[in-house]
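This briefing sets out selected features of the structure shown below. Please read it alongside the sequence.

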Amino acid sequence: MDLPVHDPPTIAILGAGIGGLAVAIGLIKRKVPVTIYEAADRFSMVGAGIGLGPNSLNAMDLIDPRFRENYEKVKTQNERLEFEHSVFDALYAEEGFGEKRGWTRGLIGAPYFTRSSAHRRDLLEIMQSFIPEEVVRFGKRARSVEQVDNKVLVEFQDGTSVMVDAVIGCDGVKGITRQTVLGDIAPEEVQPTFCDMYIYRGIIPRQQAKDILGTHAGDAKFFMAKGKGVAVYPISQGREDNFVFFIAQSSPWLHGDTAVPCTKEEMTEDLRGFDGRLLKLLDYARPLRWPMWHHPKTSTYYNRRVCLLGDVAHACSPHQAAGAGQGLEDAAVLSHLLALARTRDDIESAFQAYDAVRRPRAQKVVITSYEAGLLYTWRHPGIEDNMDRIVENGNQRLHWIWQHDLEADIKTAENNFCRLVLEKRCGSQDGQYTSSYLSAELR
């Protein structure tokens, strides 16, 4: 079979967060030309702690082995050896942390799991080191993304525009590429859904954390109560601890998309019944209520030449520490597929194969992360405040995320891509040319 002459497509990535940088690293590694368009005037260091499970580290390896190697130099583990394999220790948020009940420990983890987290700033600094300066265009906030024939027109708020062969939307939970992909297919799915929870968050220096929490500082903990809780875990190679207070809200969020200012008194009232030591952490939190959003339903991750990756596709709550990892898995699969595309006409086949493999798994992570939020705030039907059953459930629910065979996914996606390309080029499905044959030719 005569294959077309290699004609690399022009690919634009919208957004230079973790997902956007990850897929760019994968494409650059595979010598696929790409341009990143970022709304901010520089790489953003805003953010806090990020947890990464074994599947995330495996995805880094598959994107570019150097990515994983550099991450290992800045990762943060639990301080004490007894918590090495624990994603967190489940405790009561009440006075005494459950000791009055005889509860002293509730480890959730696995023997093969080693806790790994980082400050978002440290992770992004590593990722930026792989991106040549000329690849990024700053100050480019997309105003519209429109498909015109077999091209994609991106118009920016500064009045400029660009016409490309494909767009990878990495523009976050409220990104406009979601409208482009879903607006005509499932308009009710475009906007994110409130997670029935808002948060207070902050970062505290390790010594101050130890002064407040004593031996509970330095290792990941989740202090739980009815309809609320707080997770505290180490970042910045042990120099700081990140904390997030979760407060359930059953009514709709009516305050817009952004964080809402509040008072210290309101924060304290939200956490009535908490141990006083936990309340002292609020001294290191900005007085803001951050609504949590997710995408529990997304009917497709692509529409012709526009594809969704990361939070814009499958934003989830943080209760399984799985969101960033899913973006990395997206990047590993999609960069591999786009490297196989010999012509512009292959792009949609790559996007279709990516969607078929990634969407079922990533959407399951969204749903189960929401369920974990119910579990850890004592709202899970049938479990409620039964800490023994919470720990039992927690120790069963993460293996399918952590132990997933991403290499098998990539192979499946490659086979699907090759089949789709064959069908288009041969105009038949008679199997005359095998996927392995085309895969070899594409390389």
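**Charges over rings**
- The charged end of K364 is placed over the ring of W400, 4.3 Å from its centre; a charge sits over a ring if NZ of Lys or CZ of Arg is within 6 Å of the ring centre and within 35 degrees of the ring normal.
- R201 lies over the face of W290, with 4.0 Å to the ring centre.

**Basis of the model**
- The model is predicted: local features need pLDDT of at least 70, side-chain atom pairs count only at pLDDT 80 or more, and totals for chains, interfaces and linings use all residues.
- Residues are numbered from 1 along each chain as its sequence is written, and side-chain values use heavy atoms, with hydrogens and water left out.

**Aromatic pairs**
- The whole structure holds 19 aromatic pairs (ring centres of Phe, Tyr and Trp, the last by its six-membered ring, within 6.5 Å; planes under 30 degrees apart are stacked, over 60 edge-to-face, the rest tilted).
- F97 and F223 form a tilted pair, 4.6 Å centre to centre with 45° between the planes.
- F97 counts as buried at 2% relative accessibility, and F223 is buried at 0% (buried means under 20% relative accessible area, exposed over 50%, partly exposed in between, with a 1.4 Å probe and protein chains only).
- Y301 and Y354 form a tilted pair, 6.4 Å centre to centre with 45° between the planes.
- Y301 is buried at 0% relative accessibility, and Y354 is likewise buried at 0%.
- One aromatic cluster is formed by F194, Y198, Y200, W253 and W293.
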